[in-house]
Amino acid sequence: FPFFTETESGDILLVQVNPIRRDDLPTTAQEIVERVSEITFNASLLREFRAIDFVNRLIAEGRLDKTHYRANRLHRIDATSAMADYTASSKLDTSWSFFKELHAAGRKAAKSWLARHYGDVGTRQTLDLRAEFM
C-alpha cells in the first residue's frame, strides 16, 4: 500500500524473472521441488497484484478519496523467457560468469521493453493485471 500513498511516482515497473505459468509438467522430484519453489515465490507477488488491482478499481469507481490514494500504472519487463533454461537451484549460483549472463539477459529484456514502452511511462499502464494474472 505504500505505492498508493507514499511515493510520487504513479508507475510501478516489475522485472519478472520467475514464470507464473509453465507449459511443461514437472516429472522428477527435483523438478517438482523447483516448481513448488516458484509457485510459493509467486504467491506473494500475485497477492500484491490483486491488492493493486482492487485499489485501482476502487479509485476508478470513486469509492476511494483521490486526495489520499492515487491509481498506479503497472509495467512489466518480462525476463521469464531469458530465465527459462535456469533451474530454481541456479539462485544459489554466485559465480561471476553467471552474474554476467544475468546482466546481459536483463539488459536485453530492458532494451526491448524500452523500445516498445518508453513513451507509456507516466502516461498509461502497459500491464493488464486482470488479463495476465487474475
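From the N terminus on, the elements of the chain run α-β-α-β-α-α-α. That gives five helices and two strands, where helices (H or I, at least four residues) and strands (E, at least two) are DSSP runs numbered from the N terminus. What you have open is a predicted model, in which local features need pLDDT of at least 70 and side-chain atom pairs count only at pLDDT 80 or more, while totals for chains, interfaces and linings use all residues. Residues are numbered from 1 along each chain as its sequence is written, and side-chain values use heavy atoms, with hydrogens and water left out.

**Stop 1: the whole chain**

Show the C-alpha atoms: they fill a box of roughly 50 × 30 × 25 Å, taken along the principal axes. Of the 134 residues, 31% count as buried. Buried means under 20% relative accessible area, exposed over 50%, and partly exposed in between (1.4 Å probe, protein chains only).

**Stop 2: helix H2**

Now select residues 29–60, which form helix H2. Its 32 residues reach 46 Å from first C-alpha to last, close to the 46 Å expected at 1.5 Å a residue; the expected span is 1.5 Å times one less than the number of residues. Where does H2 bend? Click on alanine 43, where the bend is about 25°, that is, the angle between axes fitted to the seven residues ending there and the seven starting there.

Move on past the end of H2 to glycine 62, whose phi is positive, near 75°. Glutamate 61 is in the loop between H2 and strand S2 (73–78). Glutamate 61 counts as partly exposed because its relative accessibility is 47%.

**Stop 3: the nonpolar core**

Select Phe49, Ile52, Leu74, Leu127, Leu129 and Phe133, which touch the most other members of the 14-residue largest nonpolar core. Such a core is a set of buried Ala, Val, Leu, Ile, Met, Phe, Trp, Tyr and Cys residues joined through side-chain atoms within 4.5 Å. Strand S1 (11–16), H2 and helix H5 (129–133) each give two or more residues to this core. Which element gives the largest share? H2 does, with six residues.

While you are at H5, click on glutamate 132, which is found in that helix. Glutamate 132 counts as partly exposed because its relative accessibility is 28%. Glutamate 132 and isoleucine 20 are 112 residues apart in sequence, and 9.4 Å apart in space, C-alpha to C-alpha.

**Stop 4: the largest pocket**

Select Arg22, Asp24, Glu31, Glu34 and Glu38, which lie nearest the centre of the largest pocket among its 13 lining residues. On a 1 Å grid over the protein atoms alone, a pocket is an open set of points with protein on both sides within 12 Å along at least five of seven lines, and lining residues have an atom within 4 Å of a point. The largest pocket has a volume of about 250 Å³, with volume being the space filled by probe spheres set on the points.

**Stop 5: the second largest pocket**

Finish with Asn18, Met83, Thr87, Ser90 and Lys91, nearest the centre of the second largest pocket, which 15 residues line. Its volume is about 180 Å³. Helix H4 (residues 96–117) gives the largest share of this lining, three residues.

Conventions. 1 Å grid on protein atoms, 1.4 Å probe; cavity = no way out; pocket = protein on both sides within 12 Å on 5 of 7 lines; lining within 4 Å.
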